[in-house]
Amino acid sequence: MKQLPLRLGIAICGLILLDHFLLINLLRNLSKEILDYAAIVTAFAMGLGFVSLSIRHYKAIKARREGWLYSTILVMGLLSFPVATFLFGGLRGRLGMWIYDNIYGSINATFYSIQMFYVCSGSYRVFRVKSTQAVVLGIAAMLVVFGRTPALEGLWAGFPNLADWLWKVPGGGAQRGIVIGTGVGTMAAGVRYLLGIERSSTQ
Amino acid sequence: MSPDLGTWVNAICTLAVFTVLYRHNPVSKVTENLYVGIGAGYQLMLAYETVRNKAWIPLATKGEAKMAIPIVLGLLLFTNYVLPKAREWNKIAIAVMVAAGTAVTLKGTMEADFLGQIRGAISVPLTSFDAMLTFICTVSTIIYFLFTFSMKGVMATVSRLGYWAMMVAFGAGFGNTIGGRFAQFTGRMDVVFGEWLKLYTR
Amino acid sequence: MLAKLAHIDSRVIFAAFFIVVSLPLIFPLNLPLNVLGWTRQSYDELQKLAAGDLVIMTMQYSPALMADSHPTAVVMMKHLMQKNVRVILMGDTPDGARWATLFAKEWEGKGKTYGVDIVDLGFLPGYETGLAAFVRDIPKTMPRDARGNDVGSLPIMKGIKTVTDVKLFIGHESGSGRNYVRQVSPYKIPVVIGCMTADAYELEPFLQAKQIQGLIVGLRGGAEYEKLLGAPGAGLAGNDSQNAGHLLVIAFVILGNIGYLAERRNKARQGGE
């Protein structure tokens, strides 16, 4: 039993990869089925989060642990969509979409928008002439910012072209090198899994 | 001001989250917990819809018995909660997901990230300064990531060039990222000033 | 005194950005906007489409990232509908599926026929794995649309088997744009990606290598596309705020460096004494 998940995983991975190289209908069909199954199993995994949160916060409310009121709010949130789906017109019904647009969407978007403050405050603190690396980093960043600010084209019309050049030539070249490097790393990790060396997901 | 309840709730949630900029407080904690809860509930309902449409309906109405396989595999994920003694079985479901994901990523990476990028790098004729500089930055960055042996002499110089190319790339990337953050903030302010307070219309 | 500029309180910085980035929304500056090559390339790719051509458009972004990506999706949808192109809408994340539903409802209300001109396939589960299955066999991976209809019964889906049966694949990404490059590009159909500003950097090499045919970057890209199409919207409206914010970043970086250099000079003087 201990070896079954690992062996099954290697077999599935190998089969889907073989399909890429060999044009055999049986392999193709099998590979398609497995990908479909994996997508459905992933959907079940999405439900795991709900179960885990429900149990944890139910226990917190029952034991009146510190912060149990917040847990109550969380559980109310957990139940909101199931109630809206089964009792008020389905997942895309009026109540469901109202909750999504006005509460979930709003909070989600605002948490991300807070990044603006931290990124800008971080720019102020990081782009200082402390070392050669910081200067190079700062100049490259500021030139791109200059290029993306049409208001500064009055100072010099070449800012957008310079920013584009920095982005595409040295930046693009280095980024391509990083993509190739990470590609090799990803392939190495995949080969480790295929050879059974990488076992973290099955132990 | 808008008479719509949804707009009021939207704006109040927005301002409640912004209070965290001053310091963490009960209002922001309420919004955090609400967000986590609603998000998990939404994901659950999407998962239910997916399983119903892709597996249950073909199994129950079209008699496709093979769709029982992913349903059983999916249910195995919950053995941890339902049948703790059989919790080892959930690793089978995890193995299916990880294996399929690994194969798909490996295939895609080979073609797109590796071969595609190498083709892109060598297919451009080195007849202009820009083309030559891009090629040099690409090669020197790849050499920078060679940790198999220590860099000496010319290789050390090329590796160092890769390091500086990456500094420029990261700086340029950061400069570009700053703009994106403003967009997210203006989106929220549009709701507060435009839709809620109605200070302007678009 | 100048050395204090190196230690401005974070909350002062936050307040300054809050005011400076918000004000242009209320008092527009109407700053000019240049159209970058990336956006023009993407626009030209859509201009090649003819009436009746079939396109897949998928969304990944959540409400959190909506402000950066949604204006692009809206204006591209407008462009496609203007050209009477048929569109298969879907989301490859749970949040993305929401926009597919919104677009389908919106354009149905504007005279397009659901099932003939547009279809909402809903959420494609499995992320990259699901996308890999989808491009090989569309009806099998998504047997029902978001409204519960059998896709085989919809006229727009007649004869569609794999992704090679469409003329263009448009993906509005929010962190996983490489999924489209890895899974769709190998099928040699044109791919245009609307990406977040932060991800443009990662996707640029694929555009240079011609693995994708177009890249529209963030809110600015959406604004540029709106300018090209002559359809001003949220993109152009946010352009002024972005500009104001950039100027304030530059100002703070300059102030920070003035403060830092003053502090260093003071320390050197004290050390000399």
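Predicted model: local features only at pLDDT ≥ 70, side-chain atom pairs only at ≥ 80, totals over all residues.
Which domains does the domain assignment of chain A give? The assignment gives domain 1, covering residues 1-65, and domain 2, covering residues 127-194.

**The build of chain A**

- Chain A has eight helices and zero strands, and when it is read along the sequence the pattern is α-α-α-α-α-α-α-α.
- Between the C-alpha centres of domain 1 of chain A and domain 2 of chain A there is a distance of 37 Å.
- The C-alpha trace of chain A spans about 65 × 55 × 35 Å along its principal axes.
- The radius of gyration of chain A is 26 Å, whereas a compact globule of 203 residues would have one near 17 Å.
- Of the 203 residues in chain A, 44% are buried, a residue being called buried if 20 or more other C-beta atoms lie within 10 Å of its own.

**Where chain B touches chain A**

- This contact takes 96 residues from chain B and 99 residues from chain A.
- On the side of chain B that touches chain A, at least two residues each are supplied by α1 (5-18), α2 (26-61), α3 (68-76), α5 (90-123), α6 (129-144) and α7 (153-196) of chain B.
- The helix that gives the most to this side of chain B is α5(B), with 24 residues.

**Where chain C touches chain B**

- Here 42 residues of chain C are in contact with 39 residues of chain B.
- Several helices of chain C each supply at least two residues of the side that touches chain B, and among them are α1 (10-26), α3 (66-82), α5 (127-136) and α10 (234-272).
- With seven residues, α10(C) gives the most to the side of chain C that touches chain B.
- The residues on that side of chain C divide into 23 nonpolar, 13 polar and six charged.

Note on methods. Residues numbered from 1 in each chain as written. Chains lettered and ligands numbered in written order. Contact = placed C-beta atoms within 7 Å. Helix = DSSP H or I, 4+ residues; strand = E, 2+ residues; numbered from the N terminus. Nonpolar A, V, L, I, M, F, W, Y, C, P; charged D, E, K, R; others polar. Domains from an automatic or database assignment. Rg over C-alpha atoms; globule rule 2.2 N^0.38 Å. Buried ≥ 20, exposed ≤ 12 C-beta atoms within 10 Å, placed from the backbone.
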